[in-house]
Protein chains: 2
Amino acid sequence: MTEKIKGINLGGWLVLEKWMSPKLFEDVAAEDEYYLAHDLSESEYKARIKVHRSEFITETDFLRISSAGFNLIRIPVPYFIFGDRLPFIGCIEELDRAFNWAEAYGVRILLDLHTAPFSQNAFDNGGLSGVCRWAQMPKEVEFELTVLTRLAERYKNHAALWGIEVINEPITERIWKTMNPQKRYITRDLKLAADSAPISLEFLKEFYKEAYFRLRNILPEETVISFHDGFELHYWKEFFKENDFKNVMLDTHQYVMIAELKGTPQSLEAYKVYLDDLGKQIAEVQKYVPVFVGEWSLFNSYTAGVDTKGGINPTQEEFLDKKTMSKNELAMTYLELWNASVKAWNQGEGHIYWTYKLNIDTVNEPAWYGWDSWDMSRCLINQWVDPMNDIKY
Amino acid sequence: MTEKIKGINLGGWLVLEKWMSPKLFEDVAAEDEYYLAHDLSESEYKARIKVHRSEFITETDFLRISSAGFNLIRIPVPYFIFGDRLPFIGCIEELDRAFNWAEAYGVRILLDLHTAPFSQNAFDNGGLSGVCRWAQMPKEVEFELTVLTRLAERYKNHAALWGIEVINEPITERIWKTMNPQKRYITRDLKLAADSAPISLEFLKEFYKEAYFRLRNILPEETVISFHDGFELHYWKEFFKENDFKNVMLDTHQYVMIAELKGTPQSLEAYKVYLDDLGKQIAEVQKYVPVFVGEWSLFNSYTAGVDTKGGINPTQEEFLDKKTMSKNELAMTYLELWNASVKAWNQGEGHIYWTYKLNIDTVNEPAWYGWDSWDMSRCLINQWVDPMNDIKY
């Protein structure tokens, strides 16, 4: 890709997060996919999941994404994609179809291995909230590597494959303390969560070397292998050169809502200062290794009208205190934020929005007001974004 | 509504048709919703249906339809909407939410009672293929009337309610012979289908009088009550005046693919001749009663590249003989057909497209080539239609 990456994540499709599809979790205690599969009967879990996969993302969405001017789709996939980890149901056929849609509509795919058995981050998006034990289990580390190589073998000659990302958001020491995922997400089984701990940067470097070695052996030279920064953007500057990695990219995830947790004030002006600084940091790292922003969102507390505390949906009671903007003011604010963000991200290789689609109802459940900016399909209709006229720097 | 009706049907959402959502019918013998509910276990049927209803149409679709310039949404609903006909699952909560979406995004709703127990047409869209016995069962005729009055009571004061349509496509003698639904759709249970017969126009007149009387008693004067023409556009000219009906409209469904069954040649020029003539017929009927085209589609054999025999999806083998057009030629042909159609329909009160969305995969199952024109969400992306610049006559 000689142009900048202008991408969208297909979040909530093959890897579930309850807040992105609350209806899928209706009438069940489960807060994540691990418990959805365990709480429901086999046939009911299968029925829900198969209909969701066939309807949440369809051929039309690939047509729409391509027509809107995006050139890349990052697809989060689970470790059980090949159907060999019961009770979870594989989804490789769904991914096969998506590759053909991408080719037909002229967009490329970045495959993102988004979860690991016993989780790499204890987030809900790791599939098992409050648990982070994968890196401590050598057999599961090896299993994760076999998922990567099987994906590489399957798609290495497919015209739509742009790259493979080794593992999503492995949590390291500092962010483990800042985000405190075991407190933030409900840990249902304390025994299962026992000995959970952040992943050391030392472990991550060894895992990345092994994954790179195995993938580069399979993939053509022009296929990118990408690595999440473990929330430590500056840590990796020398790593890739030292180890002579070819055609790799560093993926960094940058959310305004997380910046707010770290002290960025809740105003458009403050967001722009934060983004401008981040653009400089990306430009600095880009001198060492190509870097893209693989997840980001317009979502923020200022337009949501409430302190989101890092993306916590307010209750109906808290919603009463929300400050809502006029439609025009909202559109102008988002567009200004979009432009400032894209300007920053394009100091590197480009950007991939989180996410294409959410199934939330802001009309009947008004506490979701403002959360619709997570949904690029809505951003496009509302003209909160301008992907056709990207700022070039 | 002082402007012309410019609407879209939400087909395949609360009333299922297998060809519109084939994945929903995967791994089950059922060809229609009746057998989907009977072939699956209660919990599996519920799981599939609830996820489908929550994902096939969402708030975003109402935003998208409104933003595209449409002013009306016709929502087909089943006779079991109130959940009192086991094993079917009611969907009144889904409809409640849709009414609020419509109000929030400034579009109006035409409620369309699309099915009846034991069916009014033996079509797949009646929910029970090959069976047409409803009109012969006085208790079920009465039940259908109570569904109408319950809907009227529930939404009579809702700002989004534009009208209620009494029953969709009751099949009368002539079309029963032309379409031959018992041959066209598989009749699974010959005992259940025994004594199936077309509905007489005499019965239909009496039913329409009773339905009008009960609904007009409940609904405000400004709420439209509409009646399908039973595939006999010219039959109804005097009926509404004779019976002193207030604020009623006649709904006629006009498909190019059905015109083909009756002999219209498969070419753009022939379609335009057919549409021009139909526009004159609509203008003629409009002198007696306001008439709108409540279902129509750009779908036709010429752009599909194969004789569709009234909408029969070709097999993969037949597909090999298909003639596919260039992307540009396809777009130009559809746009010309859109303009000719809208010009004809606007001789009356306006038009409502069938349908907003289909879940078919034209890339991985290329026999669906051409069937994507049924899907207004794709027509909009492909710019095959131009709802913002309606032809005024």
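**Figure 1. A salt-bridge network in chain A.** A:Arg74, A:Asp112, A:Glu165, A:Asp251 and A:Glu295 are linked in a network of salt bridges. A salt bridge here is a side-chain nitrogen of Lys or Arg within 4 Å of a carboxyl oxygen of Asp or Glu. This is a predicted model: local features need pLDDT of at least 70, side-chain atom pairs count only at pLDDT 80 or more, and totals for chains, interfaces and linings use all residues. Residues are numbered from 1 along each chain as its sequence is written, chains are lettered from A and ligands numbered from 1 in the order in which they are written, and side-chain values use heavy atoms, with hydrogens and water left out.

**Figure 2. The pair A:Glu165 and A:Arg74.** Their side chains form a salt bridge, 3.3 Å from N to O. A:Glu165 belongs to strand S4 (residues 161-165) of chain A and A:Arg74 to strand S2 (residues 72-77) of chain A; the pair links distant parts of the chain, 91 residues apart. Helices (H or I, at least four residues) and strands (E, at least two) are DSSP runs, numbered from the N terminus. A:Glu165 is buried, at 0% relative accessibility. A:Arg74 is also buried, at 0%. Buried means under 20% relative accessible area, exposed over 50%, and partly exposed in between (1.4 Å probe, protein chains only).

**Figure 3. Two further salt bridges in chain A.** A:Arg188 and A:Asp39 meet through their side chains at 2.7 Å, N to O. A:Arg188 sits in the loop between helix H7 (181-184) and helix H8 (190-193) of chain A, A:Asp39 in helix H1 (residues 33-39) of chain A, 149 residues apart. A:Arg188 is partly exposed, at 41% relative accessible area. A:Asp39 is partly exposed, at 30% relative accessibility. In the other pair, the closest N and O atoms of A:Glu336 and A:Lys272 are 2.5 Å apart. A:Glu336 is partly exposed, at 34%. A:Lys272 is partly exposed, with a relative accessible area of 27%. Over all chains, the count comes to 54 salt bridges.

Figure 4. Strand S1 (residues 5-9) of chain B pairs with S2(B) in the parallel sense over three bridges. Strands pair if DSSP finds at least two bridges between them. B:Gly7 has B:Leu72 as its bridge partner. Six bridges join S2(B) to the parallel strand S3 (residues 108-113) of chain B. There B:Ile75 stands opposite B:Leu111.

**Figure 5. The interface of chain B and chain A.** The contact takes 38 residues from chain B and 38 residues from chain A. Contact means heavy atoms within 4.5 Å. 100% of the interface residues of chain B are also interface residues in chain A, so the copies meet through the same surface. Two salt bridges cross the interface. B:Glu59 and A:Arg378 meet in a salt bridge at 3.1 Å, N to O.
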